[in-house]
Amino acid sequence: MSRAHTLLFLALAFALSGCALLRKPGSDDVDLAFQGHTTFSDRDLYRVLAVQLSDFAKTTYKKSAVDDMAYEVERHYNSEGFPFASVGYEYEEASETGRKPRARLRIQEGPRTELGRVSFEGNLAIEARTLREFFAPSSRRVWEEDHEYYVESHVSTALSEIAREYIVRGFMDVSISDPVVTFDADRTRADVHVTIDEGTRYSLAAVRFEGELVFASSELEAAAASFLGEPFAERVALEIEGRVEDLYAGRGYADVSVEHGERQVAADGKVTLAYRIVPGPIVTIGSIAVHGDDKTHESFVLSRLKVKPGDRYSRTSEREAHSRLYQTGLFKTVKLSLEPVEGDVTTRALTVKLEESPSLEVYFEPGYGSYEELRISGGIRERNLFGQGLILQGEGTLARLAQRGKISLIDPWFLGSDVSADFSLFGNQRQEPSFDKMETGLGIDFKRRFGRFHETNLGYQYKQSEVSNVDIVDPVPQGGTDDVNISSVALTHTFDQRDDVIQTRRGLLTKATVEFADEALGSELDFVRARLNQSFFVALSENATMGFSLRTGVIIPIEDTETIPIQERFFNGGENTVRSFKENELGPKDSDNNPIGGEAWSVGSVEWRNTIVGNLDGALFYDIGNVVLDYDDYFEFRGLREAIGIGVRYQLPVGPMRLDWGVNPDPDGDEVRSVLHFSVGMAF
């Protein structure tokens, strides 16, 4: 399928989708009309009543359903700043001749009322400016006017949030009166006055522990140390209780009881808490019984538990065992419980109840890129091979200009450790603008996570790297178009603090890789290759995000290698790099304008993304990047080219469908002025 045919197909699909969206919403079961509305269209009001209209046929009392519709429309107007809106209705039953029931909603909108001055009385601990922020609207679209409308329910919500804020700050007796609302003469502005009785501010002064104190007083006091001198609320008492229970239960006291003693409250609000501790006996795990492991071997379950008979019970170990089993992804539910052993109060049986998830997955994902065009990715994955939690998967991508395939055997807990091992066979081929390349090989990759954000990979790869159909017309340096066998090791560290890997709004991503190929490893090519990907995202508002990205790489030939073959060089330009260029067409070229790549490249991007409506986003972006033929020129920043552009994205489950138009502000020679890219997925 040519690019023109593909774009025509997509345009037709969108057109047909648009026709469906333009069909008048409503119900085939009732003839519904609106009267007196000017602010909202029929379509808007039909959307408000979507649930009622879909349920109308199933409703026994039709007139009652219409009454509910009038109420919903009135509520909608109230929520949009029309506090005086009222909605009446007329209703006619269906006729014997087959005419549908008729309903007419008569709308009296009244004025739209802005929220004016919000004043406070009695607030000593929290300044008025801070309290006023609770009344601010949660979000606003880019085209909406800068208005705050008076909505009674929003005011009530704001006052509830203010009360919670006071309680968090220790004012447990705070009292907030009903707001006094004053409308101006034409009822288009509402001023709100709030009276607050803050009451006493409570703080935690001391904590006493009584009963069988089997631990040093310093350990018990540590459970409450962070709360001393801080504002006191009921959650503080519960938090300390939980910490003390965890301290005992973590050391084998499975039956520990922490009871609240007498609480003392001084006139100045200082609180002294007392707890009585009954630890019970130290408990030992006597046996472990696993239920529900129909496909999974018990040995695998026990290996993830990391608890064995004879161990002293620990609530911390129990929670970690539960987490390890659940994180395998093999079980829908995981329940761990201690069962008594008759005649022995110090020994318990640990029961593990599991509900297994389906382990076989088959998936397909469509995609599109301006260069590769329409592509289909798919695969099959068995996540519990031999009942041992091993993963066997085959995956591939098919496009007009590229084909990729990979078979992997993954052990997520290699040799019982927290290291994941991935053994793979792969084959890739792709038609580049000035040559074709093909790679086949095998890889071994060891991965370990450190905390929530850090991950380190150590891998070995052997591949046959072949090049064909080279269009370069100038003499190529010796070895520049050779087929080579490459054997290399690579170390990668990733720090990923993004809130969402598909639709990122905030966070940081850093990924750095160093790869080493040498004859000692069996390689015909000797080099050191380094790559860095640095991205940073800032949420400017509920709907707007600013993203920054720097991606760079360098490959340095070493020892007897003088030239890096063209299929191993860096290229730039395209839908994910500098978007004013077509794929790989930025950088050094031969006399026939064919890109020849280089030993170093860089690209920096800044992108502002903002929600337009629903799943549709808009973007403004700026890219700058280069490719240099020789790594020695890496820090010279030669040949920098730019892109200034706009784009739209439509959010899909697999990632955004993206249309970007990149303009080259200063074309050089045969460079085009602008390029339109259509693809799936973010540029960075």
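Student: What share of the residues of the protein counts as buried?

Tutor: Buried means under 20% relative accessible area, exposed means over 50%, and partly exposed lies in between, with a 1.4 Å probe and protein chains only. Of the 684 residues of this predicted model, 40% count as buried. Accessible areas come from the Shrake-Rupley method with a 1.4 Å probe, and for residues only the protein chains shown count as cover. The accessible surface of the protein is about 36,000 Å², and carbon and sulfur atoms hold 53% of it.

Student: On what conventions do these values rest?

Tutor: Residues are numbered from 1 along each chain as its sequence is written, and side-chain values use heavy atoms, with hydrogens and water left out. As the model is predicted, local features need pLDDT of at least 70 and side-chain atom pairs count only at pLDDT 80 or more, while totals for chains, interfaces and linings use all residues.

Student: Where in the protein is confidence lowest, and where is it highest?

Tutor: pLDDT is the predictor's confidence in each residue, from 0 to 100. The protein averages 91, and 94% of the residues score at least 70. Confidence is lowest in helix H1 (residues 3-22), with a mean of 42, and highest in strand E23 (residues 507-517), at 98. Over residues 1-24 the pLDDT stays under 50, and for this stretch the model has 20 contacts beyond four places in sequence; contact means heavy atoms within 4.5 Å. Where pLDDT is low, the predicted coordinates should not be read in detail.

Student: How many helices and strands are there in the protein?

Tutor: Helices (H or I, at least four residues) and strands (E, at least two) are DSSP runs, numbered from the N terminus. The protein has ten helices and 30 strands. Its radius of gyration is 33 Å, well over the 26 Å that the globule rule gives for 684 residues, so the protein is more spread out than a compact globule. The radius is taken over C-alpha atoms, and the rule is 2.2 Å times the number of residues to the power 0.38. Along the principal axes, the C-alpha atoms fill a box of roughly 90 × 80 × 60 Å. Among contacts with a separation of 6 or more, 59% join residues 24 or more positions apart.

Student: Which residues have a positive phi without being glycine?

Tutor: Lys 306 is one of them, with phi near 60 degrees. Lys 306 sits in the loop between helix H9 (298-305) and helix H10 (315-327), and counts as partly exposed because its relative accessibility is 42%. Another case is Glu 559, with a positive phi of about 55 degrees, in the loop between strand E25 (544-557) and strand E26 (600-613). Glu 559 counts as exposed because its relative accessibility is 55%.

Student: Which residues does Leu 532 contact, leaving aside neighbours within four places in sequence?

Tutor: Leu 532, in strand E24 (residues 527-539), is in contact with Thr 510, Lys 511, Ala 512, Leu 550, Arg 551 and Thr 552. With a relative accessible area of 31%, Leu 532 is partly exposed.

Student: Where is Asp 483 placed?

Tutor: Asp 483 belongs to the loop between strand E21 (454-468) and strand E22 (484-496). Not counting residues up to four places away in sequence, Asp 483 touches Ser 465, Glu 466, Val 467, Glu 524 and Gln 567. Asp 483 is partly exposed, at a relative accessible area of 47%.
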